[in-house]
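Thanks for asking me to look this over. My notes follow as numbered points, starting with the surface and then turning to the aromatic rings.

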Amino acid sequence: MSVRPDLHQHYVRACQNVGQPENPFIAHVLQEADKNDKTRWTKGITLKIAGNNHLVPVQRVTDDDLQVLASVLRSTVFVTGLDLRCNVLTDAGAEHVATFLQENSTLRYLNLMFNDIGTSGAELIARALHRNETLVYLRMTGNKIGNKGGMFFASMLQMNSTLEKLDLGDCDMEETTVHIALMLKNNSSLVELHLCKHEMKNFGVERLCEALYENSSLRYLDLSCNKITRDGIKFLAELLKQNQTLQILDLNANRIEDDGAIYLSEALALNNRTLQALSVVSNNISGKGLVALSDAMKTNVALSYVYIWGNKFDEATCIAFSELIQTDRLKPNCTDVEPYEVDGHLHLAELSHGLKKHYYWSPRCGEVTNKDANASLAIAAVSDYL
């Protein structure tokens, strides 16, 4: 591990050997990586070759580019993370990824979100992970792998005991919740699961909750941007009364309304003492439900992060959350609202705080420094490599 690598020169030679033109963006990233001191290399580095980088000129990575890059990194022990989001990789690129995952034994993080990988590419990657024993975090977000692709990953997770974090959000999957639920009954390594934009309805939530009674590893469950209503929340509330592992629950952009908020509040007030963060942003909740949530926080000291913006605030809501903040029960950096007063009446303003504000994008100014915008990183450290 003490030998200083020269990734850029290896990449130049590899391109020459196969007659592939150099991708100047890849060359730039590898040159910058070569400048890291020995301490960084010893700990392992993440190569950020994201196609949506606004800070440097970008030539998006193609399947042929990836084949050459994979040949360079195949035996490189210093590279432990690879961010290839927002490029133009297809199923052919997924084949190179699959081969790389079978031959490399050091990569822990792989971000492939918002490429053009389909069902056959998903199958190749999932099959490679049957045998891979090092990858811990995989993001497939935004690749249209469909229901069949989702089932390949669900089957893989019944065999793979290494992967801890998986994002299958916005992958055109509508009927895979049952298969994912079956996986959760058997899998004991997954701690973070993102199922946003799955067209999930109450039936899917019921199946998921049934499985989670038998799961003791999952800590972060993202069900945002689905079609969950108060009836689906009933199942989640019953689960929370017994579950002792979930720490983060993201229900952003569903439609749980007042009844759903009250079901959650009752479970949190009387039974659950392990959930630390809850997002109910944009759920058509009015004062009755929001006040119930604020009351639950008075008895539940474990719940520390609550996000409520995008609902219907009445004066009772504004007073209730203002009191939580003023008494320091709810810290200003742990919520997305801030009280202010006009003509003797309290109102709530929006703050740019949340569980994962920068999960899909990074500010153009460079590295994310506002931890309050990405609170999930601070909770049980379940979201490395943002």
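1. Leu182 has a relative accessible area of 42%, so this residue is partly exposed (buried means under 20%, exposed over 50%, partly exposed in between, with a 1.4 Å probe and protein chains only). Leu182 sits in helix H8, residues 177–186 (helices are DSSP runs of H or I with at least four residues, strands are E runs of at least two, numbered from the N terminus).

2. A note on the source: this is a predicted model, where local features need pLDDT of at least 70 and side-chain atom pairs pLDDT 80 or more, while totals for chains, interfaces and linings use all residues. Residues are numbered from 1 along each chain as its sequence is written, and side-chain values use heavy atoms, without hydrogens and water.

3. Together with Val178 and Phe203, Leu182 makes a nonpolar surface patch of about 270 Å².

4. Now to the rings: the structure holds two aromatic pairs (ring centres within 6.5 Å, using the six-membered ring of Trp; planes under 30 degrees apart are stacked, over 60 edge-to-face, the rest tilted). Tyr109 and Tyr137 form a tilted pair, because their planes are at 50°, with the centres 5.3 Å apart. This pair links distant parts of the chain, 28 residues apart: Tyr109 belongs to strand S3 (residues 109–111) and Tyr137 to strand S4 (residues 137–139). Both Tyr109 and Tyr137 are buried.

5. Trp309 and Phe313 have ring planes at 70° and centres 5.6 Å apart, so their pair is edge-to-face. Trp309 is partly exposed at 28% relative accessible area, and Phe313 is partly exposed at 25%.

Conventions:
Patch = residues over 30% accessible without salt bridge, like charges linked within 9 Å, V, L, I, M, F, W, Y side chains within 5 Å. Areas by Shrake-Rupley, 256 points an atom, 1.4 Å probe, with all protein chains shown as cover. Salt bridge = Lys/Arg side-chain N within 4 Å of Asp/Glu carboxyl O.
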